[in-house]
Amino acid sequence: MRIIGVTGGVGAGKSTVLQYMEEAWGASLILADHVAHELMEPGSGMCRRIQETFGGEVRSRDGGIDRKRLGDLVFADEQKRVQLNGIVHPSVKEEILRRIGQAETTGKDCVVVEAALFLEEKYDAFCSETWYIYTNEDRRRARLKVSRGYTDERIDQMFQSQKSHEEFLGRCDYVIDNNGTAEETCRQIDRRMMNR
């Protein structure tokens with residue numbers, strides 16, 4: 001089974017690539033952020049640990065995690081971000097490995113694993129290959145303002161907390177340039193999928 005890791009900076013357009021992989025190539029998608037959401041459900045062990053670590057200000061009305069408040073907190077403080085990652089990523093990684101095993105038993109040909117902190121958390125250790133979705137900083141900034149309503153300050157904090165373009169290039173097997181049209185991006189994916 002082919003296990004492809006997909007990474008890139010925030011706002012790079014990874015979702016577009018993932019959607020195409022699922023629709024055109026029948027890939028099973030595993031998104032670390034979605035897995036983390038599921039594991040943070042109100043009353044879960046992870047939810048309790050996050051609330052104990054960061055206090056009541058990150059507690060939502062339903063007893064879960066107020067993700068916006070938590071995000072504001074950790075992107076403004078490197079130590080808190082490291083603390084959060086230490087709580088979240090070991091459990092997320094364990095669940096992703098379980099889901100990869102499940103996909104293999106059902107005969108899936110391809111699984112795509114996406115994570116914002118893919119390289120930092122060493123998700124590449126269990127992937128056949130790693131793809132870097134590259135989009136220049138200006139396009140990423142514009143997308144984040146429109147799609148998520150982020151301020152320049154918030155975007156700057158997010159960019160500073162992520163790997164540089166050079167670090168992504170140095171550690172990934174293949175680059176998908178997502179600065180052009182959707183059709184151009186899809187053609188690159190098709191070429192990579194056919195030349196495994």
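**Entry 1: Arg 171 and Asp 124**

I looked up Arg 171 and found that it forms a salt bridge with Asp 124, the closest N and O atoms being 3.9 Å apart. I count a salt bridge when a side-chain nitrogen of Lys or Arg is within 4 Å of a carboxyl oxygen of Asp or Glu. Arg 171 lies in helix α8 and Asp 124 in the loop between β3 (110-114) and β4 (129-134), so the pair ties together parts that are 47 residues apart in sequence. Helices (H or I, at least four residues) and strands (E, at least two) are DSSP runs, numbered from the N terminus.

I then checked accessibility, where buried means under 20% relative accessible area, exposed over 50%, and partly exposed in between (1.4 Å probe, protein chains only). Arg 171 is partly exposed at 36%, and Asp 124 is partly exposed at 24%.

**Entry 2: source and conventions**

I note that this is a predicted model, in which local features need pLDDT of at least 70 and side-chain atom pairs count only at pLDDT 80 or more, while totals for chains, interfaces and linings use all residues. Residues are numbered from 1 along each chain as its sequence is written, and side-chain values use heavy atoms, with hydrogens and water left out.

**Entry 3: the whole protein**

I recorded nine helices and five strands for the protein. Along the sequence they follow the pattern β-α-β-α-α-α-α-β-β-α-α-α-β-α. The radius of gyration is 17 Å, close to the 16 Å that the globule rule gives for 196 residues, so the protein is as compact as a globular protein of that length. That radius is taken over C-alpha atoms, and the rule is 2.2 Å times the number of residues to the power 0.38.

The C-alpha trace spans about 50 × 40 × 30 Å along its principal axes. Of the 196 residues, 46% count as buried. The protein exposes about 10,400 Å², and carbon and sulfur atoms supply 46% of that area; accessible areas come from the Shrake-Rupley method with a 1.4 Å probe, and for residues only the protein chains shown count as cover. I also looked at contacts (heavy atoms within 4.5 Å). Among those between residues at least 6 apart in sequence, 71% join residues at least 24 apart.

**Entry 4: Glu 167 in helix α8**

I next selected Glu 167, which is found in helix α8 (residues 165-171). Its relative accessibility is 36%, and it counts as partly exposed. The side chain of Glu 167 reaches the backbone nitrogen of Ser 164 at 2.9 Å. Between Glu 167 and Lys 80 I noted 87 residues in sequence and a C-alpha to C-alpha distance of 23 Å.

**Entry 5: salt bridges within helices**

I found 15 salt bridges in the structure. One of them joins Glu 95 and Arg 98, with the closest N and O atoms 2.7 Å apart. Both residues lie in helix α5 (residues 78-105), three residues apart, about one turn of the helix. Glu 95 is buried at 14% relative accessibility, whereas Arg 98 is partly exposed at 46%.

I then moved to helix α6 (residues 137-148), where Arg 141 and Glu 137 are four residues apart, about one turn of the helix. They form a salt bridge whose closest N and O atoms are 3.9 Å apart. Arg 141 is buried, with a relative accessible area of 16%, while Glu 137 is partly exposed at 45%.

The side chain of Arg 141 makes a polar contact with the side chain of Asp 156 at 2.7 Å. A polar contact is a pair of N or O atoms within 3.5 Å; within protein, one must be able to donate a hydrogen and the other to accept it, and residues adjacent in sequence count only if both atoms are side-chain atoms. Not counting residues up to four places away in sequence, Arg 141 touches Asp 152, Ile 155, Asp 156 and Phe 159.

**Entry 6: Lys 14**

Lys 14 is buried yet has no salt bridge, and the nearest side chain of opposite charge, Glu 114, is 4.3 Å away. For charge, Lys and Arg count as positive and Asp and Glu as negative; His and the chain ends are not counted. The side chain of Lys 14 reaches the backbone oxygen of Gly 8 at 3.1 Å. Not counting residues up to four places away in sequence, Lys 14 touches Val 6, Thr 7, Gly 8, Gly 9, Glu 114 and Ile 133.
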